[in-house]
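Please read them beside the sequence and the structure.

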Amino acid sequence: MSKEVKVLGAWPSPFVMRPRIALHLKSVDHEFVEETMHPKSELLLKSNPVHKKIPVLLHNDKPVCESLIIVEYIDEAFPSGPSILPSDAYDRAVHRFWAAYIDDKWFPSLQGTAKAQTEEAKAAALEETSQGLSLIEDAFVKCSQGKAFFGGDSIGYLDIAFGSYLGWLRVTEKTNNIELLSKEKTPNLLAWADKFCAHDSVKDYMPETAKLAEFAKMIFARFKAAAAST
């Protein structure tokens, strides 16, 4: 018998990690349906006909799309587990603001380090990524209020939003032989990252850096080939 909850996704995707962590936090068993994306499955195209992207959550065969929307849905649909979003309306707004900043501004700068065609462009992207981490460091101090996670004593919405990128952040550090999270510039984020990755709800879904780096080489080669053809 198929499970009532399925996640369509692929292991390297930070966006796919998000619903899987949220489901684990809520103690919701689910089936993971691995998507190759080449070609995209009929189930994916049927479930997300607008964007045709992963992840997709299927709950009793009803699709929910977009990773952070899925996380919020999981929080509401399975209320018996620990809350993922803050209970206070203002705190929820703050967490949503920073999650949007991370997706819309910070992660594109991290991607820019791989897509850069010159050393100058790469340096500029790395600097922008580092400056963004300083802002997120300040946000952590304010949101955590001296506790272990953005969500306080336990992993919450913003932890999931930012933490899902840690694998790719580590690959960027490894590829460029630099430290983006450091004791000098981002001591709180550095300590948080260790706690986040070791958490029971995260450790099974966080890809190994070496494995992800090998996958990244293939992706970077595609970027270069596409750039060369244009």
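1. The largest pocket holds about 1,300 Å³ of space. A pocket here is an open set of points on a 1 Å grid over the protein atoms alone, where a 1.4 Å probe fits, with protein on both sides within 12 Å along at least five of seven lines; lining residues have an atom within 4 Å of a point. The volume is the space filled by probe spheres set on the points, which are joined across faces, edges and corners. Of the 49 lining residues, Pro14, Phe15, Phe107, Gln111 and Trp168 are the closest to the centre of the largest pocket.

2. This is a predicted model, in which local features need pLDDT of at least 70 and side-chain atom pairs count only at pLDDT 80 or more, while totals for chains, interfaces and linings use all residues. Residues are numbered from 1 along each chain as its sequence is written, and side-chain values use heavy atoms, without hydrogens and water.

3. The lining of the largest pocket comprises 24 nonpolar, 12 polar and 13 charged residues. Ala, Val, Leu, Ile, Met, Phe, Trp, Tyr, Cys and Pro count as nonpolar, Asp, Glu, Lys and Arg as charged, and the others, Gly among them, as polar. Helix H4 (89–115) is among the helices that each supply at least two residues of this lining; H4 gives the most, with eight. Helices (H or I, at least four residues) and strands (E, at least two) are DSSP runs, numbered from the N terminus.

4. Helix H5 (residues 119–144) and helix H8 (residues 187–198) have axes that come within 8 Å and cross at roughly 75 degrees. H5 and H8 are therefore roughly perpendicular, a term for angles of 65 to 115 degrees. Axes are lines fitted to C-alpha atoms over the stretch in contact, and angles run from 0 to 180 degrees between N-to-C directions. Leu133, Ile136, Glu137, Phe140 and Val141 of H5 make the contact with Pro187, Asn188, Leu189 and Trp192 of H8, contact meaning heavy atoms within 4.5 Å.

5. Two cis peptide bonds deserve a check in the backbone. One runs from His38 to Pro39, with omega near 0 degrees, and Pro39 is in the loop between strand S2 (31–34) and helix H2 (42–47). The bond from Ile54 to Pro55 is also cis; Pro55 lies in the loop between H2 and strand S3 (56–59).

Technical notes
Parallel < 35°, antiparallel > 145°, perpendicular 65-115°, else oblique.
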